[in-house]
Amino acid sequence: MSDRTRTAAVDTAPPSPPSTSPHVDAGDEGYSKDLKSRHINMIAIGGAIGTGLFLGAGGRMAGAGPSLAIAYAVCGVFAFFVVRALGELVLYRPSSGAFVSYAREFMGEKGAYAAGWMYFLNWSTTAVADITAAATYAHFWAMFSDIPQWILALIALSIVLTANLISVKYFGEMEFWFSIVKVAALVIFMLIGIYLLVTQTPVDGHTPGFSTISDGGGIFPMGVLPMLIVIQGVVFAYASVELCGVAAGETEEPHKVLPKAINSIMWRVGIFYVGSVALLALLLPYTAYSDKQSPFVTVMDKIGVPGAAGIMNLVVLTAALSSLNSGLYSTGRILRSMSLAGSAPKFTGLMNKGQVPYGGILLTAGFGVLGVGLNFFVPKNAFEIVLNFASIGILGTWAMIMICSLLFWRRSKEGLLERPSYKLPWAPYTQIVTLVFLACVLFLMWYGGGDGRKTVYCLPIIAAALVGGWFVVRRRVTAIAAQRAKESAES
């Protein structure tokens, strides 16, 4: 086996404890270490199975056909690279501030400021997408069909916000059970799908199999371009994979727990995302799916099993609430790290008796309330509008993680620090290729036109807001940094 192959192989030996870092992040203080191994493992799973698959796959299947499975596979590889890079940084120095803390160490306060607010853009808009999805799912049942979408969105936000504010243990338990429900549902769906495929049982008049794909125009029924265009939406489906890196700051032994959780993401992506989308394409023609209903619910509905579609709809509702739960959790921690450095409002650094940074959580929830208004005015377009803005935030967040990883690798080559045994394979080429991929996704957003192009045109506005915000906070950031440097020198 060559050295390159050995490097690429997934580490199976227990990694060494994280090396000592000279950087100290004040935002890491005050947290309880209540997240256990089972929480981190299921959080990693939950981060790889969310609203982007359960709801978004329907419209994208209709737009790109069976080639959607290829898009999920390609994006899944890069998502794994991102979370693996973050995992190496976490093993180097666990931090609840995650990549914002690493950006502060390797890129300075400006880098941390930009990373943090791009992450907030990601999750504040994702929160809107999640409550929109939850309201859409609820309309499946007749008892909720007459309730306005914005009211259902507000109810979903209120329930998850309340649970998130209590303690990290409640968050961990909620996410643990949410993830179990999602995984169990996908496994059951795939078993049913495989049975229908093997037995050639007709689904809505169609015989499952490769003929469903070939008769519908093949893998690329409308060409390769539609598959490339939907990639930006597929990236959104992987938006939570970095969550386990944030959660590692609130577990006792991250160097033991995190590598196993991250290593398992790759096969989960292969089975749950690529496998389930391939099954969807084999069971029904791509034209049977739409953006108005989860594709999993569509299949169960067509099978005709009493109550099956309702149960699957309950599962996808759980997925939306799980994603919202994760977004409130992670932005609360990131904003607190930024607040104590001076680059976020002071109230986002406040913690309650349960050691929960409630200020940052409430700020994210506040943007969710704005999303309730979006559901009031444009209920039909709310999901796609916020999905595009969330994708911009995701691209920015992933780019920052890979830049930090690249700078980390360079410092290790200079002998300034030591990389942990759990490394990102093929560095620095992995980081460079991933950054090129992210730039291509941004171009595809523009090239695809519609809401995606409008979102890209908003980039100068986002950049101007970041620059303007920096001039507002820079004096406070500089003063806090100088004070900490003084205290460090005196100690």
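Analyst: Happy to! A word on names to begin with: helices here are DSSP runs of type H or I with at least four residues, and they are numbered from the N terminus. Please also keep in mind that this is a predicted model.

Let's settle on helix H5, which covers residues 68-92. What does H5 pack against? Its partner is helix H13, residues 254-283, and the two axes lie 9 Å apart. Two packed helices are described by the angle between their axes as well as by the distance between the axes. For H5 and H13 that angle is about 175°. Angles over 145 degrees count as roughly antiparallel, and H5 and H13 are therefore roughly antiparallel to each other. In the contact of these two helices, 20 residues are nonpolar, four are polar and one is charged.

Val74, a residue of helix H5, belongs to a nonpolar surface patch together with Ile70, Ile219, Phe220 and Val224. The area of this patch is about 360 Å². Is Val74 buried, partly exposed or exposed? Its relative accessibility is 35%, so Val74 counts as partly exposed, because that class runs between the buried limit of 20% and the exposed limit of 50%.

Side chains of opposite charge can pair when their charged atoms come close. Glu88 and Arg419 are both buried.

How many salt bridges does a search of the whole structure find? The count is four. Another of them involves Arg93, whose partner is Glu105, with 3.0 Å between the closest N and O atoms. Arg93 lies in the loop between H5 and helix H6 (98-138), and Glu105 lies in helix H6, twelve residues apart. Arg93 and Glu105 are again both buried. A further bridge joins Lys302 and Asp204, where the closest N and O atoms are 3.6 Å apart. Here Lys302 belongs to helix H14 (residues 295-303), and Asp204 to the loop between helix H8 (168-199) and helix H9 (210-214), 98 residues apart. Lys302 is partly exposed because its relative accessibility is 34%, and Asp204 is partly exposed because its value is 44%.

Most residues other than glycine have a negative phi, and most peptide bonds are trans. Trp426, which is placed in the loop between H17 and H18, instead has a positive phi near 60°. With a relative accessible area of 35%, Trp426 is therefore partly exposed. A cis peptide bond joins Ala427 and Pro428, with omega of about 5°, and Pro428 lies in the loop between H17 and H18.

Positive phi values turn up elsewhere too. The loop between H15 and H16 holds Gln355, a non-glycine residue with phi near 60°. Gln355 is partly exposed because its relative accessible area is 31%. Asn352 is also placed between helix H15 (308-341) and helix H16 (358-377), and its relative accessible area of 25% makes it partly exposed. Where does Asn352 sit relative to Ser167? They are 185 residues apart in sequence and 8.8 Å apart in space, C-alpha to C-alpha.

Helix H4 (residues 56-64) has Gly56, Ala57, Gly58, Arg60, Met61 and Ala64 as its buried residues. Just after H4 comes Gly65, with a positive phi of about 75°. Gly52 is part of helix H3 (residues 51-54), and it counts as buried because its relative accessibility is 3%. The C-alpha atoms of Gly52 and Gly233 are 7.6 Å apart, although 181 residues separate the two in sequence.

Technical notes:
Residues numbered from 1 in each chain as written. Predicted model: local features only at pLDDT ≥ 70, side-chain atom pairs only at ≥ 80, totals over all residues. Heavy atoms only, no water. Axes fitted to C-alpha atoms, helices over the stretch in contact; angles between N-to-C directions. Helix = DSSP H or I, 4+ residues; strand = E, 2+ residues; numbered from the N terminus. Parallel < 35°, antiparallel > 145°, perpendicular 65-115°, else oblique. Nonpolar A, V, L, I, M, F, W, Y, C, P; charged D, E, K, R; others polar. Patch = residues over 30% accessible without salt bridge, like charges linked within 9 Å, V, L, I, M, F, W, Y side chains within 5 Å. Areas by Shrake-Rupley, 256 points an atom, 1.4 Å probe, with all protein chains shown as cover. Salt bridge = Lys/Arg side-chain N within 4 Å of Asp/Glu carboxyl O. Buried < 20%, exposed > 50% of the residue type's maximum accessible area, 1.4 Å probe, protein only.
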